[in-house]
Amino acid sequence: MYRGEISTEKKFSMLVAVLFLNLVLVSIHVVLKNQQTLFQSIIAFIVSPFQVASQKTIDFVSHEFKHYVFLKDSFTKYHEIKKKYTRLKYENYILKKKLIENGFTQRVKGKFQGFIEADLISIDQNFPLSSIMINKGSKDGIIKDMIVLNEEGELVGRVVEPITLLSSKVRLITSSIGGVGAYIEKDKLEGLLTGNNNATCSFKYLIANKPVFKGDRIITSGTDKIFPPYIPIGKVVKTQKEYLTQKVQVKPFFIEKSIKQLIVIKNIKHE
Amino acid sequence: MVLIILQIIIYRYENILKINVDFLYLILVYISVKSGFFKTVLSATVIGLVTDYFSMNVMGVFGFSRTIAAYLLNEISRHIDLKNSLLVFILIAISLFISNLISNIFFYIILGVKFSPNLILFQPITTGLVGAFILIPSKIKEYLDVY
């Protein structure tokens, strides 16, 4: 096997130089507190077109297969969708009625400027519940802190940097970085929801005198000025009382559902 | 190219496939075995940075750890019989274990994330198995100049 002969000193000095360069990159990232660096943008700019192209090719092939080969279940699926559509139409009517009754429509008027549909490109392989990458970027109007929901309108996370022309990163609510202002839907007991890089989130700073039960629904409170209010997050799976507060574990709704297709909410105006 | 596409597919469908194989690392193993020192170290940094991009964490962490792993691979592969698939598996698994352990220590210090068995144990084993399996056909061994 041929290998060029290089002195040990040269080898080590080069190895040390390369390792040092990597450490500099790490330290830049840490000093900027996880903000986007120029280098990160360059890497994202180079890699994301390949990623998006591969994803589109895979989607095209799977789409063709689904439509022309695996059609045997389509009739059953059509009926399922028809049923779901009818149920949603009815739910929509009931909700609209309730919102008008509560004067909610006036309060949220002009806050939601529309949405962008996005597809998942990749998941962090090592920490799958930390962050994901979607196939919509600055070209499609994506900006930092836009809210990401799943197909059923449940909270998934928010857009963070790096945002390239064709792709952007989404930090999931299950990530250990950041938090969401939330409350228990039935009694408006407010706290802070933080992720643990696993399938459950911790709901902190809840006072102990109001009991929380397994199965209680958690929704966003809007007090963090990032996430708008009334978005469903998840349900309580575990509670533990302490002296003044109570420890609550919440399982986000999106965990058990597909995140292949997502919705990015545009321009939320906070009061 | 096939390995890169496979890696992109795995990153996309990780939640469905439930497999954790680092195909980019197999490219790095190939380069480390086949090439000289400079090419190995520089390729390791580039592959590490691409892994950093895909893993969506701190830039430079995998760049650092993959460079160390590639250096070890480059040095150790000279003294190992690469015709033996078991030794190939051990070489890939141990080097990736060391690399991922270093990365996880960085993640622990910087991001405060716990030690991930997925990253430290499962990925080295599955990647080692896939690497050893890929190397079984004699033509590939020939191409790697080890047959």
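A: **Strand by strand, then helix by helix**

In chain A, six strands form a closed barrel in the order β6-β7-β8-β11-β10-β9, and their pairing is antiparallel. Direction ignored, neighbouring strands of this sheet are turned by 40° against each other on average. The model is predicted, so to speak of a local feature takes a pLDDT of at least 70 and a side-chain atom pair counts only at pLDDT 80 or more, while totals for chains, interfaces and linings use all residues. Residues are numbered from 1 along each chain as its sequence is written, and chains are lettered from A and ligands numbered from 1 in the order in which they are written.

Strands (E, at least two residues) and helices (H or I, at least four) are DSSP runs numbered from the N terminus. Two strands pair if DSSP finds at least two bridges between them.

Let's start where β6 meets β9. Strand β6(A) covers residues 180-184 and strand β9(A) covers residues 217-220, and three bridges pair them in the antiparallel sense. You can find this pairing by looking for A:A182, which stands opposite A:T220 in β9(A).

On we go from β9(A) to β10(A), which covers residues 232-241: these two strands run antiparallel and are joined by three bridges. Here A:I219 has A:P232 in β10(A) as its bridge partner. Next, β10(A) pairs with β11(A), residues 245-252, again in the antiparallel sense, and this time over seven bridges. A:T239 is bridged to A:V248 in β11(A). If you trace the chain between β10(A) and β11(A), you will find a hairpin that joins them through three residues.

Now for the other barrel of chain A. Its six strands close in the order β1-β2-β5-β4-β3-β12, with antiparallel pairing. From one strand to the next, the twist averages 45°.

Opposite A:M133 stands A:K169 of β5(A).

Then come β3(A), residues 147-150, and β4(A), residues 155-163, an antiparallel pair with three bridges. The bridge partner of A:I147 is A:R158 in β4(A). The hairpin of β3(A) and β4(A) has four residues between the strands, and in it A:G153 takes a positive phi near 75°.

On the way to β12(A), residues 261-265, β3(A) makes four bridges, and the two strands run antiparallel. Look here for A:V148, whose bridge partner in β12(A) is A:V264.

Let's turn to the helices of chain B. Axes are lines fitted to C-alpha atoms, for helices over the stretch in contact, and angles run from 0 to 180 degrees between N-to-C directions. Angles under 35 degrees count as roughly parallel, over 145 as roughly antiparallel, 65 to 115 as roughly perpendicular and the rest as oblique. Two residues are in contact if their C-beta atoms, placed from the backbone, lie within 7 Å.

The axes of α5(B), residues 61-76, and α6(B) come within 9 Å and cross at roughly 155°. That angle makes α5(B) roughly antiparallel to α6(B). Among the residues that make the contact are B:F62, B:F64, B:I68, B:L72 and B:I76 on α5(B), and B:L91, B:I98, B:I102 and B:F106 on α6(B).

What about the packing of α6(B) and α7(B)? Their axes are 8 Å apart, and the angle is about 150°. The two helices are therefore roughly antiparallel to each other. Their contact includes B:V88, B:F89, B:I92, B:L96 and B:N100 of α6(B), with B:I120, B:P124, B:T127, B:G128 and B:G131 among the residues that come from α7(B). Just after α6(B), B:G112 takes a positive phi of about 75°.

Finally, α7(B), residues 117-134, packs with α3(B), residues 23-34, at an angle of about 50°, with the axes 10 Å apart. So α3(B) and α7(B) are oblique to each other. From α3(B), the contact is made by B:Y25, B:L26 and B:V29, while α7(B) gives B:T127, B:V130, B:G131 and B:I134.
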